[in-house]
Structures are given as structure tokens and as C-alpha cells.
Amino acid sequence: MKRRRLEKELSKRLEENVHRIEEVLGENPDVVIRRLLLGAYRRVSVTVISMEGLSDLDFVSEYVIAPIQTCDAQVSLTRTNALAHLSEALNAGARVGEARTCAAVVESVLAGKTALLIDGSDVALIVNTTKLPSRPIQEPEAETVVHGPREGFTESLGTTMALIRNRVRNAGLRFESLSIGRESPTPVSIVYIEGVVDEDVLAKVRERIKRVDVDVVLDTAFIEEFICDQPYTIYPTVLSTERPDKVTAALLEGRVAIAAQGTPFVLVMPATLWDFLTSPEDYYEHPVMMTFVRWVRVLAYVIALTLPSLYVALTSFHQEMIPTTLALRIAAGREGTAFPAVVEALLLEMQFELLREAGLRIPRKVGTAVSIVGVLVIGQALVAAGVVSPILITVVGATAIASFAVPLFSISAPTRLLKFPLMILAGTFGFYGIVFGVTLILTHLVTLNSFGRPYMTPLAPLRPRGLYDSPLLRAPWWLLVRRRREGAKGRVHDQE
């Protein structure tokens, strides 16, 4: 019933409008309602409604209340001309809009704006006085770099837009604003550069974002699940980042970004697997060194995925492939264990996952110490009890270190899950099981798409032009710039 009443147009009776709005907002102490009497004989009633904590009350007093009183002193206000004169007076110091329904007034007040209701007028004036609480700009903790910018997005959509605008000083930069959420509309912006953006990708983003149907958007991850191509894959097909430099580079490459109020993470699409294995620092250091680092990252990713299963396969089925001295040491270490290698690996990997999650939830000041002590004490206890062998602790530790070498958590998370079925396949079929499992993973990756772009490009399908900036090569900037310009000319020629 309240929702139906709000959708009706405003009445010319001020008290009726104020009563309907108060009925919806309730008796909350943060709802600030000021009643003013204007005009020669104080016959023009004006009600100013704002929200404490979301609106800048000092701004309201200086640029809303003061201009109203000044206008009242200079002009003979009546119920007929009050709307026009007050709108003109407020436009001098603030952005002023209009609302014609109670729903629009309530939505504006909840967004931090100030509403002016005038007796005798069925139109409310909306003044932008928003001042949302936000934290200062800080370095992103999840995407740290040694050499590069230290700025990261914040939960304020305005700050996010400003950081992007500061880097993309292009007249074609566009922010398409919309609201998502039935119960609590959340401001969202689609960001792209007109003339550079891939129009097909932009059209798909617009189409898919219309399908987002949630009560509230607490994070851009809500949107990601609605717009991604394959919702059931565990591999991320949309890049989520809190670094302005990564978003800037993506926009200049013709991609599209989505930012939302209340989260520091911005979505970038389309994305490939290699976008998750690279770091902004790759472009701030010498290309030869960064090429070596990319090789290290890819090797680390492969180790994190396959090392435990290789240990299980070698110790269970293919002992002849292990050097004799090492094989004798492994056999001596496993002599007192009570479980086969596959059970040992599963138990220790699961124990490490528990310690990893516990380390994330424990307060930061004691988390590191508890994690280190937990690993040492529990590992030593498991070896002493004959549950696992000493060599397996080395294997699990190497796997953990390799997983931490991957730049983004969103791409290292699938390896944490996939290594368990690979270990089971290795314990059942040996190397044949590992090959079968890896083949399934590669087949799945090749079939993935991100807004029409193959997930494994430029390797599958092979695109020689893209190999200059690939997972295993970072060419010098002068060559990258030339290749990208040639690619841009090719796209323009294709469009013509």
C-alpha cells in the first residue's frame, strides 16, 4: 500500500506530501525536516527534507536555507511564483532538479540529496547535497606492486570516477549511470571511451546488465554473476580489480568497465586467462626481466595445480622415474605411515586449506604468528604420528608458495579446488589420470568465452600479433605501441 501511494504524483497540498513521506521514512532521528514560512505575510510554507550523515548539513544551511531566505527578502513570494523564484535562487550555488512523485523524493533523500516541498506546487525541488562517508585513497592490499602507482579505488563511486577521469583525459570518456536493486537501488556506472570501445562488447554489457535482478548490490561480484558468459565455470571470465591503472589500460584497449557505489572493485570485460596472470608491474620494469617473471608465474601456476598429484603418481605407480637415492629416502620416510600416498596428500592439503582460511579470519596482529606456529606444530605432529611423510610436507609447502606467486586471488582459487580431483585421478590411474584431468581442464578453458572473446587468446586461437604481450613475453614498449596502433588501424578499416 505504501509503495502504491508513493508512486502517485505529488499533491499541491504541502502537508499531505510531507505526511506521505514521513509515513515511509518513519520516525528516524537522522531524517532532518525543516519547516519555513515565507512571503510577505508568511503564507508560503516550504519544507526542507534531508538525511543526516548522507547530506552535508553545512552545505544545506549555506546554499539551500540561506538562498531561500535571501530570495524571500528580495522578492515578494507567493504560492504562485515561489517555485520559479526559489529554483532560480538555488541554481546559483548548487545543482537543482525536479521530482513529481513521492517515490522520486524519497529516493533522492535516501541518496543524500535535499528535497524542497512548496505549498501550492506539485513539483519538488531536489538539490544535490550528497556527502557520503568514505575512507581516504590507499594502496590496494590485494594487488600490491614494488614499482608503480599506489592509488586504489574506494567505496565511493564519485572517487572511483574521479580516479579514472584523472588518468583518461580523453573527451570521449563516458560514464553511463543507472541504478540496480529493487529494495535498495545502488548507483552503477558503465565506463568506456567512445570511438575506442568495441561496440559489440558494449552492446552485450548493456543488454546483460538489464537482466540483473537483485534486492541490493553490495559488491560488483553480484553483477559479475549475472553478466558472465558461463555462470557455472569456476574460472573467472570478468576481471575484478581495485587499481585505476589497470582499468585505464583496459579502457584504452577498447574494453568496458563497470563501477558501483559501495565497493572498491571495478569489473573489466572482456578478459582472458592471461589477464589474471599478469601484473601492472610488468609494464613498469625492464621487458627482459618481466618476461622472466612471467615465465616464473606460469610455472608457479602449473606447480600449484599439479605438484601434489605428481607426487602421488610417482610414489604410487611410477617409482622407476624417481632417482634411486631419492626413491630410497622417500621410501624410508613413508615406512611408518599408515595411509597410502593419495590419502596422505588429501589430508595434508585439506589441513593446509583450513590453516589458510583460519589465517584470513584471525585478527591481523596474531594471524601471521598463529599460521606459522600452526603449520610447524601440526606438520611435525603429523610426521611424528606417522600420518604423513616428511617429503610430503615439502611438496605441500612448495605448492602453497607457488599459489601465492599468482598475482590475483580469483585465478589461484580454482587451482585450490582442482588439485583435489587431480590427486584422486593420480592415485587411481597414475600419470594417465593426470594427463586426463589436465586435458579436461584445457578443453574447458579453450571453450570459454568472455563477451565473445576467446578466453585463451592469443594462444588459442593463435594470434601472432598478440604474442608480443603474452603470458610468456613482454615486448619493449616501443614495439607494443606500434603493434597496438597497427591493430587499431586494422579495426577501423574492418569497420569501414
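A search of the whole structure, which is a predicted model, finds zero disulfides. A disulfide is a covalent bond between the sulfur atoms of two cysteines.

**Cysteines**
- Cys102 counts as buried because its relative accessibility is 0%.
- Cys228 has a relative accessible area of 14%, and this residue is therefore buried as well, the limit being under 20%.

**Helix 14**
- Helix 14 comprises the 15 residues 390–404.
- At 1.5 Å a residue, helix 14 should span 21 Å, and the 22 Å between its end C-alpha atoms agrees with this expectation.
- The buried residues of helix 14 are Leu392, Val395, Val396, Thr399, Ala400, Ala402 and Ser403.

**Ile33**
- Ile33 belongs to strand 1, which covers residues 31–38.
- With a relative accessibility of 29%, Ile33 counts as partly exposed.
- Leaving aside residues up to four places away in sequence, Ile33 touches Glu22, Thr47, Val48 and Ile49.
- Between Ile33 and Leu467 there are 62 Å in space, C-alpha to C-alpha, and the two residues are 434 residues apart in sequence.

Technical notes: Residues are numbered from 1 along each chain as its sequence is written. This is a predicted model: local features need pLDDT of at least 70, side-chain atom pairs count only at pLDDT 80 or more; totals for chains, interfaces and linings use all residues. Side-chain values use heavy atoms; hydrogens and water are left out. Helices (H or I, at least four residues) and strands (E, at least two) are DSSP runs, numbered from the N terminus. The expected span of a helix is 1.5 Å times one less than its number of residues. Buried means under 20% relative accessible area, exposed over 50%, partly exposed in between (1.4 Å probe, protein chains only). A disulfide is a pair of cysteine sulfur atoms within 2.5 Å. Contact means heavy atoms within 4.5 Å.
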